[in-house]
Amino acid sequence: MLMENDYIIEMLGITKEFPGIKANDNITLQLKRGEIHALLGENGAGKSTLMSILFGLYQPTSGIIKKNGKEVKISSPNDANDLNIGMVHQHFKLVECFSVLDNIILGVEPTKGLFLEKKGARKKVMELSEKYGLKVDPDALVSDITVGMQQRTEILKMLYRDNEVLIFDEPTAVLTPQEISELMKIMKNLAKEGKSILFITHKLNEIMEVADRCTILRKGKCVGTVKIADTSKEELSRMMVGRNVSFSVDKKEAEPGETVLQVEHMTVPSKAHSNDAVKDVSFNVRRGEIVCIAGIDGNGQTEFVHGLTGLEKISGGTITFAGHDITKASIRERSKLGMSHIPEDRHKHGLVLDYTLEQNMVLQRYWQPEFQSGGFIKSKAVRDYSEKLIDQYDVRSGQGAVTVTRGMSGGNQQKAIIAREIDKDPELLVAVQPTRGLDVGAIEYIHNQLVAQRDKGKAVLLISLELDEVMDVSDRILVMYEGRLVGQFDPKEITVEELGLYMAGAKKKDVPAKV
Amino acid sequence: MFLLIKFTLLYAVVLMLVALGGMFSERSGVINIALEGIMVIGGLAGVFVLSLLGDKMPAPLLVAVSILVSALAGIIYSLLLGFSAITLKADQTIGGTALNMLATAIAIVIVKAFNNSAATGNGAASAKLTYSNAAFIYKIGPFTINIFLIIGILLLICSYVFLFRTKWGLRLRSCGEHPQAADSVGINVYQWRYIGVAISGALGGIGGFAYIVPSVTTWNFEVGVAGAGFLALAVMIFGQWKPFNIAAAAVFFAVFRSLANISDSTVLANLGLSKNIYSMMPFIASMIILAFTSKNSKAPKAEGIPYDKGAR
Amino acid sequence: MSEKTKNALLSIVASLVCIVLGLAVGFLVLTCINADNALDGMARIIKGGFHLKPKGIGSEIAQAAPLIMTGLSVAFAFKTGLFNIGAAGQYTVGVFGALYFALILHMPWYVCLLAAMICGAVWGAVPGIFKAYFNVNEVITSIMFNWIGLYLVNELMYTGVPGMYDQKTTRTYKLSSASPSSLIPDLGLNAVFKTNSTTIAIFLAVAFAIVVYVILSKTTFGYELKACGFNKDAAKYAGINEKRNIVLSMTISGALAGIGAGLYFLSGASEWNPQVSTALPAVGFNGIPVALLALSNPIGVIFAAIFVAHISVGGSYLPTKYYQPEIADLIVAVIIYLCAFVMLFKEMIRRSLGKKKRAEEAAKESGKGETK
């Protein structure tokens, strides 16, 4: 029947410009009723922008949107909602101190006279929860529930409003492999019930598993739309990146030497809960090897790194580094002994954004005699040093060393941090999510830098959430789940699926304190 | 003893009203340091009504009109903060401080100009206004109650109900906790923040009026409100932005404040501590309490951060 | 034109816009009160001390000195990410320190000045400690301690420490009669300006401004303080002790305000009246608009302070028959309100000028396919 092939949503010729950048350039996207349509592209390709336009958060510079063949104007999320379009955002938009129920009804609250009347709403939510298999506790506070339940709350928000078009923005970024399977099942269910789904991702496996069709964006332009049944992972990847990508890093065999870092029974308290975030962790890292701690976000990696580098106090255990007990040492002492840290959050810890590039380059070394004398900064020394690093690591900025870092792109900001931390020639480089938000070319570069450090006989401790990166780059993988180490593996002898089971806590193996 | 209760209730109502005002503003996401200034402006407006129309209106009407005027003046003045903080997204602490200084200056200039033109004198005019506060005070048996006590309790209950039992309260709170979430469900964050600031203006204005009127019949506007607006902020923090906790905190702080007033006329005079020492006490008490409670303070998450809808 | 110079020019333009708008509002107020004399009134405010030279100029100089110090106090705190609204309280405590060492201990002026500085420093340290170790917002603590300081000082001067308060004048004793060695030398300036309180205080103030400037921009200490102010977390990551720096910063800020008190009262410009129990010295609060107008630049503070002193003195020359001298306060308050968005003016101007330039720069930056 022709009806089934009708498009429920059409975005035609959409262009969106921000000052200095064209995020979307003449893009056409058509969503069929009842289909699951993936939107694929690298970070910065324009996927989120396009969906934000559909959801009314932005207005297109030009182009039109049609629903059911009729042109519509979506100037706010209210309009989108009126058109039955809903969105689950990558960073959940939930009020943490409100209950699940309050979050679901926010903006469409049922009232009796002047007051809120939640009984009817609660009933409807529980019915929807049953129907679609979305388990939630309506009275729990969002701050107390798991990430999976938070996501289900976001989905229920859409279903409560009778949304027919559901947009998912990178929904699997925060889920375990098992929760991802569940989500895929839920999405297929929703499509079967007649909902139309648009789902933004850069994960090829998921697209192959659940999508009907896929539109690929690259650098703001639409590269094409393909039927999943007719394509392959390799073809999708080629369309996404524009060239053939080698999925693995070229590196020679590791030759580990003596132990540089020994962690014993380390315990770190959690700020949010009474349980510890890191429980009794013991392992070592040797010269000439890259050890990676893999795990789902939120399983204690952040607290572990903070404890290791000195940003937080640990409540138990010892840390021995380069022959010294640094358990109680200050951050500066650890740095002096040869520990370098590429932080998870480059804006929070890695850079003083309002400082210039050169001021940031010496952030870890300004107190050394090379850069100051009697308390007075040696500006020329600072300038020369920064320019050397800028050149060596190809850090690009508007005005060179005097650029205010806030104005630099994320990729170059990250390069500046990496330049600074690697140039210290550290005995141990702690790199947390070093390639987050960067494109394939930059990622390749940084991976090569990490391997180069290792080949020089230094130690690298990598914390990563990207399984591809974990498998490609590391020599030894440790899995962290709920604050404990639950497995140690050689990347050549384990599959991603198997790794996922450990990351989700489904399997466990003892990890030796020292290899 | 009666005096202590009388003064405590008086100050408690003032502190509570203003602190509730601060609560509404901060719960919507705007830090309101300008409460001191709003009290002055609200008080000024109300006192002017009394001064000019004191003998021309029946008492109940006078009470109603003057309180409404003080609330209105407070709202209008608070919109200056709103405009600066919400629309222009400027620093809220600086804006608030500016409005405090401006309020004192405006009050003195207006009152002096008024006295000048009324008296056609040649010397420097005074910054004092005189009025009758009889309409506000009632005698029930041995107690004197002023009407602000009743108004205060009513407003307290209304505040609680509004904030936690209506959809408007839910929306206002969401703007102070997670404005992006509110925006994504179609709530107009700017509008609700203006509302929060306006409510704080109204309550602050009434609070300022309540500070001035019941106790004396002449007010020197050079004095301002002697730090009551700032004490109210401490009350708000101590009350953790919850209406009934704020009321309790207000009573607590008011006890100290009223000790200063009765220090020279009661048993306390024997202790030989001067008025200055008592005046210091509410502030010292605040600091001690804040030191102990601030570690786990749960302020509205997004307060003080201007909301930018178009931020990429 | 280098980026740095362009930035400086933009800042000056933005500040000037605030000043002009503030004056315009002042003129409006004058007209509302008494339209006939408004022009003359405005002229007096704008002429400032020059309306009544040379005495007026001398008065302006004497007023500018403490204002430079309180301006430095607030600016220094701003630069390190803190809002020191407690300058008035630190100033008050500094007054006590100066006068105690002068009237009771009869120390020479530089010792008294040191005492003022130390008192101010202690009073500034307290909000710093509360913020660093108890997580109490420094604005609230400073405000509380403003009042605590005022009552404390009044108490000490009025009854606590005999020998400071003169019953007859209801003020503290005049330094010229009680302890002339404690007066800051004037090196003949008083004769030139026909005043009795214009001293080398102004030069001392300018010297302090230069010292603060050097500390902030050329030393590692300044680098650490500013890093803490811009980003506490990154500063911690860099091994900087943010708690210690918050306390140090507020202490120095308090010290600067204390020096201001010393410069004013040790010049014999005025005596302290402990009976006025609800008025904190306005000069403490006026440090805020000075710092804002100067965009927290120590050298800019010098000029901003002179400007505010200028219009305050001008305001005092308004004919009281028609106008209240508080109109100058009003203008200053309006200027602060506008200063809250002086940064915005700067950004707006910068953005409209920079749209084209940024497109060029974006092109320069792209290469290895950078994304956000």
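Chain C first, and its overall size. This is a predicted model. A compact globule of 372 residues would have a radius of gyration near 21 Å, and chain C has 22 Å, so the two agree. The C-alpha trace of chain C spans about 80 × 55 × 35 Å along its principal axes. In secondary structure, chain C comes to 16 helices and 2 strands. Of its 372 residues, 60% count as buried. Now look at contacts in chain C between residues at least 6 apart in sequence: 77% of them join residues at least 24 apart.

Next, the contact between chain B and chain C. How many residues does each chain put in? Chain B gives 40 residues and chain C gives 40 residues. On the chain B side, three helices each supply at least two residues: H4 (92-119), H9 (228-238) and H11 (275-293). Which of them has the largest share? That is H4(B), with 14 residues. By class, this side of chain B has 26 nonpolar, 11 polar and 3 charged residues.

On to the nonpolar cores. The largest has 312 residues. Leu15(B), Val235(B) and Ala98(C) have the most contacts inside it. Chain A takes part too: domain 2 (248-338 + 426-515) and domain 3 (354-425) of chain A each give this core at least three residues. Take Val235(B) as an example. Leaving out residues up to four places away in sequence, Val235(B) touches Leu15(B), Ala19(B), Ile246(B), Ala249(B), Ala250(B) and Phe253(B). There is also a second, separate core, of 73 residues. Leu106(A), Val136(A), Leu156(A) and Ile197(A) are among its members.

One helix of chain B deserves a stop: H6, residues 167-177. H6(B) is mostly covered, with 8 of its 11 residues buried. Which ones? Leu170(B), Arg171(B), Leu172(B), Arg173(B), Ser174(B), Cys175(B), Gly176(B) and Glu177(B). Arg171(B), Arg173(B) and Glu177(B) are on that buried list. What do the buried residues pack against? In chain A, helix H3 (100-105) and strand E8 (115-116). In chain B, helices H1 (2-28), H5 (147-165), H7 (179-184) and H8 (189-212).

Now chain A by domain. The division is domain 1 (2-241), domain 2 (248-338 + 426-515) and domain 3 (354-425). The centres of domain 2 and domain 3 of chain A, taken over C-alpha atoms, are separated by 27 Å. Their contact takes 10 residues from domain 2 and 9 residues from domain 3. On the domain 2 side, helix H15 (residues 440-455) of chain A gives the most, with 4 residues. That side has 6 nonpolar, 4 polar and no charged residues.

Strands next, still in chain A. Start with E11, residues 213-218. E11(A) pairs with strand E3 (residues 36-40) of chain A in the parallel sense, over 4 bridges. Within that pairing, Leu40(A) has Ile216(A) as its bridge partner in E11(A). E11(A) is also joined to strand E12 (residues 221-227) of chain A, by 6 bridges, and these two run antiparallel. There, Thr215(A) stands opposite Thr225(A) in E12(A). E11(A) and E12(A) form a hairpin with 2 residues between them. In the turn, Lys219(A) has a positive phi of about 45 degrees.

One residue of E11(A) in detail: Leu217(A). Is Leu217(A) buried or exposed? Buried, because 26 other C-beta atoms lie within 10 Å, and the cut-off is 20 or more. Setting aside neighbours within four places in sequence, Leu217(A) is in contact with Ile27(A), Leu39(A), Gly41(A), Ala45(A), Gly46(A), Lys47(A), Cys222(A) and Val223(A). Leu217(A) and Gly46(A) are 171 residues apart in sequence, but 7.0 Å apart in space, C-alpha to C-alpha.

Last item: a sheet in chain A. Four strands form an open sheet, in the order E14-E13-E16-E17, with antiparallel pairing. Which strands are at the edges? E14 (276-286) and E17 (324-325) of chain A, each pairing on one side only. Inside the sheet, 5 bridges join E13 (residues 259-269) to E16 (residues 316-321) of chain A, and the two run antiparallel. Gln262(A) stands opposite Thr320(A) in E16(A).

Key
Residues are numbered from 1 along each chain as its sequence is written. Chains are lettered from A and ligands numbered from 1 in the order in which they are written. This is a predicted model: local features need pLDDT of at least 70, side-chain atom pairs count only at pLDDT 80 or more; totals for chains, interfaces and linings use all residues. Two residues are in contact if their C-beta atoms, placed from the backbone, lie within 7 Å. Ala, Val, Leu, Ile, Met, Phe, Trp, Tyr, Cys and Pro count as nonpolar, Asp, Glu, Lys and Arg as charged, and the others, Gly among them, as polar. The radius of gyration is taken over C-alpha atoms; the globule rule is 2.2 Å times the number of residues to the power 0.38. A residue is buried if 20 or more other C-beta atoms lie within 10 Å of its own, exposed if 12 or fewer, and partly exposed in between; C-beta atoms are placed from the backbone. A nonpolar core is a set of buried Ala, Val, Leu, Ile, Met, Phe, Trp, Tyr and Cys residues joined through C-beta atoms within 7 Å. Domain bounds come from an automatic or database domain assignment. Two strands pair if DSSP finds at least two bridges between them.
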